[in-house]
Each structure stands twice: as structure tokens, then as C-alpha cells.
Amino acid sequence: MASPDDLKFQEFEEATDLLLADPGASTFSMSGSSSTTPAGATGDIKLDMSDDEGQEESSELLRGEKQTSGFWTFAYYQSFFNVDTMQVLDRVKGSVMPLPGRNFIKHTLQSSPDLYGPFWICVTLVFSLAISGNLSTFLNSLGIPHYHYRPQFHRVTIAAVVIFLYAWLVPLGVWGFLTWRQREERQQRGYSFLETVCVYGYSLFIYIPTSVLWILPFEWLRWLLILVAMVISGSVLVLTFWPVVCDDTKVTAFATVATIVVLHVLLSIGCKMYFFQTATLTPVPTLAPNHTAAILTNKTH
């Protein structure tokens, strides 16, 4: 009967015979601490079993179990602002050049909405309306004697409230109504709330240059500009939401689109009438000193 030592030497002898038969073969130890490569091999083979963290991360990525941040964290909202300049410019271009049959969300956003563009468009529009409205009032008062112009800083607050309420509350209502109708009628999936906010935000871009041109003191030109802006921005909304509501009943579909257009028209006309009102500015009458003294004498008697 062979002893354990004889079995060990026999095992090493068999390994030596295999190496002599095939010099290009490679051997390595299971401990992973070292490797043996005979002459003629092209490289070393190493076995590293200590990187458990990398293996766990790779397995999570392969299984699709990588956890995302919660909506209460900053990292969750940071992804909505992760866009570059070219993407924003392309989306602005798509909002001012609507084409028939071209859906803004499907063709321009490509199911990747952002909040960066809509946020800065709304902020720019707020200051554009307030500043242009003040300049328009100042230009209208130049030919009026004894009229002292005072900047109306409260217009910034009013513009911010109106624009941001429209850019958030109206999309919320449209998204909620469309989601309810889709569940009732079992229609195909519609747009998310973020996509709805995004298309409303970019549709307001056309009003930034329009509000600047409203400074010109020509009433017919102002109404012409507001008509062009309403047609362009309204077309973006209609071309985007009509494919979603067209499968519903005719009454519901036309009522939904009509409501979207009416709210958009009210915003446009309201901003024009409030910030660029054409009321005639009349100077405060001033009384001569002798006339004022005569009035005071009559009152005392």
C-alpha cells in the first residue's frame, strides 16, 4: 500500500511529464498569490479573487438592480438639468419652427425631457416682460409735460407669478386630465408630467423676442406680433397633444385642444394688455401761485 508521501511525489511527477510533453502549457496555483509560466509563453496569467466590491457592482449592473436616488435628494433632480447647449438650442429651434405631423415630444425631446430650458425661458420671459413694459411706458410719456415717470418694479413680481403659474399649473391640469382619460378609455400611454412641463416651457420662448418688439409704439404692429406668436406657440401645443387625445371621443378631443388653445390665448392677450397698455397718460394739472392763493382765500370766507 502506497503512503501519502508517495502519492504526492507521483502527482508532481505526472505534472512534470505533462510539461515536458507540452512546453507551451501554463499552470497556476488556486491560491491566486503566484503563477508559473514556462518559457515560450506570451504572458502571465494571474487570478485575483480579492476584488469583491467590483464583482458586486458588476453583478448589479448586469441584473439591472442599480438603485437610483430618491425624489427627495438633489441627485434625483440633477438629472433633469443634465443637458448641453446644443440640445437646448435644438429644442428652442423646434419650438419656433413647428411642422405639420412633427410631434415636439417624440421628435425633438426624444423621450428625454429637461427642466433647464423651461426654467431659464420662464425667468428670461419674466424680466423681458417687466423691463419692456417699463420702457414702453417711459417712451409713451416722453411728450407729456409735467409727467414724472416712476419705474414700476411690481411688474416683475406680477410677471413671475403669472408665467410660473401658467408653466406649472396648466401642465399639471392637462397631464392629470389626460392620465384620467387614458385610464377610463384604456388608451395607449400618454406623456409624463415632466414631458408636459417641458413642452409648455419651450413653447413660451417665442414670447421673449416678441415682448422686446412690443416696445415699439405702434399698436397695429403689437397686435400683429402677438398674433404670430400665438400661432407659433399654439401650433407646438396642438401638434403635441392632438395625437394623444385623437383616440378619445370627438367632443372630448376637441374640447381638450380648445381649452389648451384658449388658455394660451388668454395668457398672450393678458400680458399684452397689462404690461403694454396704451392708455393715454395725462399730466397732473398745476395751479399758478396767485390762483392757489385765491382759492384758499375763498375757502376761509
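The paragraphs below go through a predicted model, from the overall fold to its salt bridges and a nonpolar surface patch.

The protein chain has 12 helices and 2 strands. Read from the N terminus, the order of elements is α-β-β-α-α-α-α-α-α-α-α-α-α-α. Of its 301 residues, 30% count as buried. The accessible surface comes to about 20100 Å², and carbon and sulfur atoms account for 64% of that area. Among contacts with a separation of 6 or more, 72% are between residues 24 or more positions apart.

The UniProt record, an unreviewed entry, places the feature "transmembrane region" at residues 115-136, 156-178, 190-208, 220-242 and 254-275. Two of these spans can be described from the model. Residues 115-136 are 95% helix and 0% strand, with the end C-alpha atoms 31 Å apart. Residues 190-208 are 68% helix and 0% strand, and here the end C-alpha atoms lie 29 Å apart.

The next topic is charge pairing. Side chains of opposite charge can pair when their charged atoms come close. In this model the count comes to 4 salt bridges. One of them joins the side chains of Asp114 and Arg91, with a distance of 2.3 Å from N to O. Asp114 lies in the loop between helix H5 (104-109) and helix H6 (116-140), while Arg91 belongs to helix H4 (residues 85-96), so the pair ties together parts that are 23 residues apart in sequence. Asp114 counts as buried because its relative accessibility is 0%. Arg91, at 4% relative accessibility, counts as buried too.

Another salt bridge is formed by Arg181 and Asp248, whose closest N and O atoms are 2.9 Å apart. Arg181 sits in helix H7 (residues 154-185) and Asp248 in the loop between H10 and helix H11 (250-275), so this pair ties together parts that are 67 residues apart in sequence. What is the burial state of Arg181? Arg181 has a relative accessibility of 13% and therefore counts as buried. Asp248 is also buried, with a relative accessible area of 12%.

Helix H10 holds a local pair. Arg222 forms a salt bridge with Glu219, and the closest N and O atoms are 3.7 Å apart; the cut-off for a salt bridge is 4 Å. Both residues lie in helix H10, 3 residues apart, which is about one turn of the helix. Arg222 is buried, at 2% relative accessibility, whereas Glu219 counts as partly exposed at 28%. The pair is part of a network of salt bridges that links Glu219, Arg222 and Lys272.

Helix H10 also takes part in a surface feature. Leu213, Leu216, Phe218, Trp220, Leu224 and Val228 form a nonpolar patch on the surface, with about 590 Å² of accessible area together. Which helix gives the most to this nonpolar patch? Helix H10 (residues 219-245) does, with 3 residues. Val228 is found in this helix, and its relative accessibility of 42% makes it partly exposed. A patch residue needs over 30% relative accessible area, so Val228, at 42%, is above that cut-off.

Methods: Residues are numbered from 1 along each chain as its sequence is written. This is a predicted model: local features need pLDDT of at least 70, side-chain atom pairs count only at pLDDT 80 or more; totals for chains, interfaces and linings use all residues. Side-chain values use heavy atoms; hydrogens and water are left out. Patches are made of residues with over 30% relative accessible area and no salt bridge: like charges are joined within 9 Å, nonpolar side chains (Val, Leu, Ile, Met, Phe, Trp, Tyr) within 5 Å. Accessible areas come from the Shrake-Rupley method with a 1.4 Å probe; for residues, only the protein chains shown count as cover. Helices (H or I, at least four residues) and strands (E, at least two) are DSSP runs, numbered from the N terminus. Buried means under 20% relative accessible area, exposed over 50%, partly exposed in between (1.4 Å probe, protein chains only). UniProt positions are given in the numbering used here, feature names are shortened, and annotations may be inferred rather than shown by experiment. Contact means heavy atoms within 4.5 Å.
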